[in-house]
Amino acid sequence: MCGIVGYAGGKRSVEVLMEGLRRLEYRGYDSAGLAVQLEDGGFEVLRRVGPLRELERAVAERDGGFGLVRAGIGHTRWATHGRPSERNAHPHLGNGGRVAVVHNGIIENHQKLRGDLERRGFEFRSETDTEVVAHLLSERLEAGMSLPEAFGEVMGLLEGTFAIAAISADEPGTVVAGRRQSPLVVGLGEGENFLASGVPALLGFTHRFLVVESGEMVVISGSEVRLAGPGGEPVEREPFEVEWDAEAVELGGFSDYMSKEIHEQPRAVRATLDGRLGEDGVVDLSEVGLDLSGVRRVVVVACGTAYHAGLLGKYYIERYARVPVEVAVASEYRYSDPIGDPGTLVVAISQSGETTDTLAAVEAARSFGGRVLAVTNTRGSLITREADGVLLTRTGPEICVAATKTFVAQVVALELLAMELARCRGTLPDERLQELATELRLAPERIQNTLELVSCSLEQAVSLFEEARCCLFLGRGIAYPVALEGALKLKEISYLPAEGYPAGEMKHGPIALIDETCPVVALFGDGVHREKTLSNVYETMARGARVVAVAPPDDREAAQMASAVLPVARAPEAVVPLVLTVPLQMLAHGVARERGLDVDKPRNLAKSVTVE
Ligand code: F6R
């Protein structure tokens, strides 16, 4: 949560900072701000409450440009300490206004540090934990330290997680930054260098990046980048190239990123399968570098949408490989007393690769010696460095806060893992593996068909939500995790209370919610216990529910009983959850748009949850 960006070089700093913030806005949009070093040796600081467009307006309205600017930092905020206000917006200034700081994360000992600073005469202007850093730095700068020296010392005083960047009016052309757990990358340019919370922020300017490891700090200027370890020792590291192009983070004719990313799902699935699925059905996961033959048990840890992908992974792994799978919400698992042994494979799923709870769950799993496989969309992310092996989903960057294409790609990656485990354990004959490979290869086409089918019938389904005050999503078997995911999508972007339930369990409580203002979305398809689900849906109709049936177009009974149908391509078991997911994403999108909401930036949320 929160995005930070930094620039040194003097060619174009305000442009870089604003573009970087635009691409990081998914990380938080409570306020935004920037600080730039001016030619006369001072700072210009602009901060605005609300989404980035407020800051954009302030930049545009500023009289007479910024002149020569040699370095700057910017921030987009997801509030933790102190409500969204201009006073609490970053950058924060130290006493005397000679140092400015932006921060992502939480400084856990800020209260103690604040008390000590107040006793030493420092005055605080905000309620944030970040302001202590600005004062600690300025105290050291006044005592004659350079910014890098002061920064190194201050990092040692901070507890918690953070990525921080700072500039000083007395050291033009330099940005200093450091991190502990929270993400930070350096972008390498010609005569200019960059910093950001994530690679997508800088894709318009460079494709060469340098990782900053947890505990390290970095000093950038237009001509050099210096990394240092926790003791100040110089660190040498090879840069890496990112092949995502800048267009991947543009809207490309869509009205919003969610819509764009929903429509990118056939491509996301194809890319995730590419090179990993031979014609003969043999899965090639050699890139992961883990010997899977000794796996006796699997534990999946993840949050939110990634957790739902994990539930589908359990289904496939248990069915194909006959290995027991536990799926745990990472924020709970990290505080459990985990059971396992070296034969346990821990699968940590995280689109961003940054989710604090998932990273902590991985650490908890280390206690029993399990090997860790990370399933992530983000090369070079924190989780890839914690894990023993990495399986990348290759969807390109996902900008919309609500996950869509990364979910289907995670499911496909887990299916590949299930097939590979089945092969290693000899639990499926070669012919069945070949069949599964053929089925999976059809997935992009089936998803594409479904996108087209749903586009023509969405309006009727959306209209059922005009007066809705809540919604139930019902599915059985493999459709149950999809029901959970559909409910999550609807509530997070349309703010409508929604529950995903196993259809048969509904009678044990949620049926009390049913009346004409509680639409029921029911999931049908091959291998999802259609008949049983139908009976359950009739039970809700008898209590006044209006039903949206998500079903293949030739399922006449489902169509006749329902008030609206969202048609899906008929698909085999390996593909059913993928095609059932698409209409639920589109429904959530349609309902949210109908309510006039910003689908890409739902309130209170941020894309990467880097706090507990
Ligand atoms: C929902 C959503 C979240 C994330 C969750 C985990 O649409 O996006 O529930 O799935 O915050 O994030 P990652 O996968 O980055 O660990």
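This is a predicted model: local features need pLDDT of at least 70, side-chain atom pairs count only at pLDDT 80 or more; totals for chains, interfaces and linings use all residues.
The domain assignment divides the protein chain into three parts: domain 1 (3-247), domain 2 (251-441) and domain 3 (448-612). Domain 2 and domain 3 touch each other. In this contact, 42 residues of domain 2 meet 35 residues of domain 3. The C-alpha centres of domain 2 and domain 3 are 24 Å apart.

The sheet comes next. Strands of a sheet pair through backbone hydrogen bonds, and the pairing is either parallel or antiparallel. Here five strands form an open sheet with parallel pairing. Their order is β17-β16-β18-β19-β20. The edges are held by β17 (325-329) and β20 (389-392). Each edge strand has a single partner, so one side of each lacks a neighbour in the sheet. From one strand to the next, the twist averages 20°.

Within the sheet, β18 (residues 344-350) and β19 (residues 371-376) run parallel and are joined by six bridges.

Two packed helices are described by the angle between their axes and the distance between the axes.

The pair α8 and α12 consists of residues 304-321 and residues 405-425. Their axes come within 8 Å and cross at roughly 25°. Angles under 35 degrees count as roughly parallel, so α8 is roughly parallel to α12. The crossing of α8 and α12 is right-handed. On the α8 side, the contact includes Thr305, Ala309, Leu312, Tyr316 and Ile317. On the α12 side, Phe407, Val411, Leu414, Glu415 and Arg425 are among the residues met. By type, the residues of this contact divide into 15 nonpolar, five polar and two charged.

The pair α3 and α4 spans residues 110-119 and residues 131-142. The axes of α3 and α4 come within 10 Å and cross at roughly 45°. That angle makes α3 oblique to α4. The crossing of α3 and α4 is left-handed. From α3, the contact residues are His110, Leu113, Arg114 and Leu117. They meet Val132, His135, Leu136 and Glu139 in α4. Four of the residues in the contact of α3 with α4 are nonpolar, two are polar and two are charged.

Technical notes
Residues are numbered from 1 along each chain as its sequence is written. Side-chain values use heavy atoms; hydrogens and water are left out. Two strands pair if DSSP finds at least two bridges between them. Helices (H or I, at least four residues) and strands (E, at least two) are DSSP runs, numbered from the N terminus. Axes are lines fitted to C-alpha atoms, for helices over the stretch in contact, and angles run from 0 to 180 degrees between N-to-C directions. Angles under 35 degrees count as roughly parallel, over 145 as roughly antiparallel, 65 to 115 as roughly perpendicular and the rest as oblique. A crossing is left-handed if the near helix is turned anticlockwise from the far one by less than a right angle, and right-handed if clockwise. Contact means heavy atoms within 4.5 Å. Ala, Val, Leu, Ile, Met, Phe, Trp, Tyr, Cys and Pro count as nonpolar, Asp, Glu, Lys and Arg as charged, and the others, Gly among them, as polar. Domain bounds come from an automatic or database domain assignment.
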